[in-house]
Amino acid sequence: MTEKKPRDNQPRKPRIPTEERLARQALHYLDRYASSTQNLRGVLERKVMRAARAHERDPAEFAEMIDAVVEKCQRSGVVSDLTYAEIKLTSLRRKGQSERKIAAYLGAHGVDRDTIGKVLKSDETDEIAAARTYARRRRLGPFRTSGNREEKRQRDLAALCRAGYPYGLARQVIDEELGDVADDDMGEAED
């Protein structure tokens, strides 16, 4: 019977990146997460940085490989800023996010302004419906279940404004009566 060596609890040293390894890592990442092109590039750069540091090499050596892998992913359609923006728009609208907040989020994740504009233009959700969704989720204004609504009015207005809604729209949503909102929502459901 052979004795096993005790295993060190130290993390494994990352391998030197190759284009094939980076492509596998990119596909593995994209399998799990929706991503913009810039975000994928950042993920691969961090992996290369970690490996280069472990092997005492210059990360700039691998820049062309990263570019090639990202280009390959774009050509094959595995990563698309337009698709990513559409998916995120749908998800964020479902949560009641404003156009401003969505545009800022997409911009921060590397989606260019033209794509953001195109996606927002195709959005069928109007801002007031999104603001009502946000107010309902956060229990603001007419959706407040406890306490005096008037006492919390300024706080509710500020919450909607911080979420990216214009003051006039925030005031309209906060000052609505619950019955009016329910009637509007029923009318939207019938359309």
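Accessible areas here come from the Shrake-Rupley method with a 1.4 Å probe. With that in hand, let's walk through this predicted model. The accessible surface of the protein comes to about 12900 Å², and carbon and sulfur atoms account for 46% of that area. Of the 191 residues, 35% are buried.

The secondary structure is quickly told: there are 10 helices and 0 strands. As for how the chain comes together, take the contacts between residues at least 6 apart in sequence: 68% of them join residues at least 24 apart.

Now zoom in on one helix pair. Helix α2 (residues 37-54) packs with helix α3 (residues 63-76) at an angle of about 145°, and their axes are 10 Å apart. The crossing of these two helices is right-handed. On the α2 side, the residues in contact are Thr37, Leu40, Arg41, Leu44, Glu45 and Val48, and they meet Ile66, Asp67, Val69, Val70, Cys73 and Gln74 of α3. Sorted by class, this contact has 7 nonpolar, 2 polar and 3 charged residues.

Next come the aromatic rings, which form 2 pairs in the structure. Tyrosine 29 and tyrosine 33 make a tilted pair, 5.0 Å centre to centre with 45° between the planes. Tyrosine 29 counts as buried because its relative accessible area is 17%, under the 20% cut-off. Tyrosine 33, at 41%, is partly exposed.

Tyrosine 134 and tyrosine 165 form a tilted pair too, with 6.4 Å between centres and 50° between the planes. Tyrosine 134 sits in helix α7 (residues 127-138) and tyrosine 165 in the loop between α8 and α9, so this pair ties together parts that are 31 residues apart in sequence. Both tyrosine 134 and tyrosine 165 are buried.

Notes. Residues are numbered from 1 along each chain as its sequence is written. This is a predicted model: local features need pLDDT of at least 70, side-chain atom pairs count only at pLDDT 80 or more; totals for chains, interfaces and linings use all residues. Side-chain values use heavy atoms; hydrogens and water are left out. Axes are lines fitted to C-alpha atoms, for helices over the stretch in contact, and angles run from 0 to 180 degrees between N-to-C directions. Helices (H or I, at least four residues) and strands (E, at least two) are DSSP runs, numbered from the N terminus. A crossing is left-handed if the near helix is turned anticlockwise from the far one by less than a right angle, and right-handed if clockwise. Contact means heavy atoms within 4.5 Å. Ala, Val, Leu, Ile, Met, Phe, Trp, Tyr, Cys and Pro count as nonpolar, Asp, Glu, Lys and Arg as charged, and the others, Gly among them, as polar. Buried means under 20% relative accessible area, exposed over 50%, partly exposed in between (1.4 Å probe, protein chains only). Rings of Phe, Tyr and Trp (its six-membered ring) pair if their centres lie within 6.5 Å; planes under 30 degrees apart count as stacked, over 60 as edge-to-face and the rest as tilted.
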